[in-house]
Amino acid sequence: KKTRRTVRVNMDAAQEQLYKRLQSDARRAIRSWGGSRESSEVSSLIRNYFVVLRKAASHCFLVRNRYTDTMLAEVGRIAMSQGVFDAPNLEMVLNELKGYSDHQIHGVVCSCIGVEEGMVAAGAAARRVEKYGHLMLQPEMDVLSHSAKVRYLFGELLPSLMKDGRKVLIFSQWTQVLDMLEWAFRVAQNCDAKSLNKLFGPTPELSAQALASPESAAAPAPAIEESAGAAPQSTDRQRRHSNVSVVKETPLMDVKCNRRRPSTGTAGTPCASSPMRLKGKAKTPSKGIGMQHLKYCRLDGSTKQVDRQRLVDEFNDPDSSLFAFLLSTRAGGQGINLTGASAVVLFDLDVNPMIDRQAEDRAHRLGQLRDVDVIRLVTVGTVEESIERIADEKLRIDASLLGQKDKDLALDEIAEMI
């Protein structure tokens, strides 16, 4: 059988402050329009704000917040001197960088100085990190703490699944989010036990394929789990002070990455939609510090067909050490059999609920011998709650209506969410 549940996570003060600021900017813009929302410019602006708010609800680093214009200019000059961008002048580079998130800019800096996110630099690379460290997102542990969803994922859910010897699929709509999760996996792998213990708290020993490691002592109110389709049992204020218990476990993971071409939006490169590309070859992953028991792989729209089948076969192999499979919802949600997993995490919800259902069925299909748990992550007090509500309403509509191709939200619906 397949069981769905929604886990509501609460932002910490920093993430909530960022979200509220972006929301206020969006609301001011909406109130100042006065014209028709059907014009192409207004339509584009509404949808852009909507995406920005959704990304801020997932992770602080998915929007530009830490990098000032002064820092951006310095990054641009370094990128030009290193020939990182295929651009004729600094102005074009800066125009490109202005549209980047904090994580993407951090990736450009890493490419400039020749280091990989989440990996320990040594020798000349370490000296370059010391020189240009002020332009990087440091400490890198922030990737684990600056997101309510990531804290829940690494602090509760993943260790619980590993303890039970289960594999997991993690879906997101954006390759940028998958990049962020890869970074989080590598940081967790390479952090020493003391650092992780400070962030997450001490943990009991896990299974033979996991190492003891921490969960957040300074985390905000714990996640609140609800069955899919059930009405919330408390107000937002009550949720923030919930007494729901928190699993005090998390793994120290060792990761093997599925490296991708520079055009796919991997760390240190622009996202696939960017018209400008970084030059140079993808770096070979350096060896991590931890034990190499737990691994993940990744599949998105840029993964070659021959590689897709190889990854699927390896993940489904009962003897494989692969624990997590990161997938983009629309690329990995159709036509793939991943019955090796018995848990599915929807890191962010699609506005078309049938897309998420197709993703769930990658694990819940013919050949699955275990019950499948589907966990939907929703950040409290954000547009994600409205998306969840609308998605649940759509799932109650007649199957013939759900079969329509166009399930995108109307502009009025988006504006109302904001």
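In the predicted model, Glu393 is partly exposed, with a relative accessible area of 39%, a class lying between buried (under 20% relative accessible area) and exposed (over 50%), as computed with a 1.4 Å probe on protein chains only. Its side chain meets that of Arg389 in a salt bridge (3.6 Å, N to O), the term denoting a side-chain nitrogen of Lys or Arg within 4 Å of a carboxyl oxygen of Asp or Glu. Helices (H or I, at least four residues) and strands (E, at least two) are DSSP runs, numbered from the N terminus.

Helix α15 comprises residues 383-395, and ten of its 13 residues are buried, so that this helix is largely enclosed by the rest of the structure. Among the buried residues are Val383, Ile387 and Ile390, together with the charged Glu384 and Lys394.

The structure holds 20 salt bridges. One of them joins Glu182 to Arg298, with the closest N and O atoms 2.7 Å apart; this pair links distant parts of the chain, Glu182 lying in helix α9 (residues 175-190) and Arg298 in strand β4 (residues 295-299), 116 residues apart. Both Glu182 and Arg298 are buried.

Residues are numbered from 1 along each chain as its sequence is written. Because the model is predicted, local features need pLDDT of at least 70 and side-chain atom pairs count only at pLDDT 80 or more, whereas totals for chains, interfaces and linings use all residues, and side-chain values use heavy atoms, with hydrogens and water left out.

Key: Expected span 1.5 Å × (residues − 1).
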